[in-house]
Amino acid sequence: FPSHDRNCIAELGCGSGLGLLELNRKLKDRQLEWLGIDWNSNLLIRAIQSQEPEIEWMEGDALQVLKGLDTPVDWAIGTLFLHHIDAQTLPNFLAQLKPLVHRGVIFEDLQRSPFAYYGFRLLSEILGLSAMSKHDGAVSVLRSFGQRELKSVFLQAGWGKVVFYPSFPGRFFICAYHD
């Protein structure tokens, strides 16, 4: 990270905070500030109980929380977040997010494809997941986006540089930067 006064990373939809706690542990020497945002207070209770002084936990809608900050965060990140926003709403969400982050966004999400769908179905049988987990996982893959579709949505929302990196089978990282 380039040095400047503030290096703040906000995780949108942080849930119980396990991702931020792990990142904070691994990057302790980087002098980073962390912000975890989730609308689900029941999940945030677990995060708050971690009592990590470098992490601030905030409840609410991610855009509204970020709009209420004094300065933009440097990076917004999220894991398995984008597919929870419907295709009609996503361009507007990403357009509103852009001025609220100084550098860019990094999301890891599901990739909609026959391989991801049938791969999940097979893996969920092998692992013996519950009927609800099997159903929710399959629906999540169907609600997710293809790479070309998602790149188009980011560009439509005004993000100039959009790069994809493969992740776990059936997932990818999406990095979008300011021009």
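**Serine 16 and its surroundings**

Mentor: Setting aside the neighbours within four places in sequence, serine 16 is in contact with Leu43, Arg46 and Ala47. The model is a predicted one, so these contacts are computed from predicted coordinates. Serine 16 sits in the loop that runs between β1 (8-12) and α1 (18-26). The relative accessible area of serine 16 is 16%, which is under the 20% cut-off and therefore makes this residue buried.

Glutamine 31 belongs to the loop between α1 and β2 (33-38). Here the relative accessible area is 66%, so glutamine 31 counts as exposed. The backbone of glutamine 31 has a positive phi of about 55°, although the residue is not a glycine. Most residues other than glycine have a negative phi. Leucine 80, in the loop between β4 and α4, also has a positive phi, near 50°, and is likewise a residue other than glycine. With a relative accessible area of 27%, leucine 80 is partly exposed.

In helix α4 (residues 90-97), the buried residues are Leu90, Pro91, Phe93, Leu94 and Leu97. These cover an arc of only 160° around the axis, so they lie on the same side of α4.

Helix α5 (residues 114-127) packs with helix α6 (residues 131-143) at an angle of about 165°, and their axes are 9 Å apart. An angle over 145 degrees counts as roughly antiparallel, and therefore α5 is roughly antiparallel to α6. The crossing of the two helices, α5 and α6, is right-handed. On the α5 side, the residues that meet α6 are Ala116, Tyr117, Phe120, Arg121, Ser124 and Glu125. On the α6 side, they are Ser133, Lys134, Gly137, Ala138, Val141 and Leu142. By class, the residues of this contact comprise six nonpolar, three polar and three charged.

Note on methods. Residues numbered from 1 in each chain as written. Predicted model: local features only at pLDDT ≥ 70, side-chain atom pairs only at ≥ 80, totals over all residues. Heavy atoms only, no water. Axes fitted to C-alpha atoms, helices over the stretch in contact; angles between N-to-C directions. Helix = DSSP H or I, 4+ residues; strand = E, 2+ residues; numbered from the N terminus. Parallel < 35°, antiparallel > 145°, perpendicular 65-115°, else oblique. Left-handed = near helix turned anticlockwise from the far one by under 90°. Contact = heavy atoms within 4.5 Å. Nonpolar A, V, L, I, M, F, W, Y, C, P; charged D, E, K, R; others polar. Buried < 20%, exposed > 50% of the residue type's maximum accessible area, 1.4 Å probe, protein only. Arc of directions from axis to C-beta.
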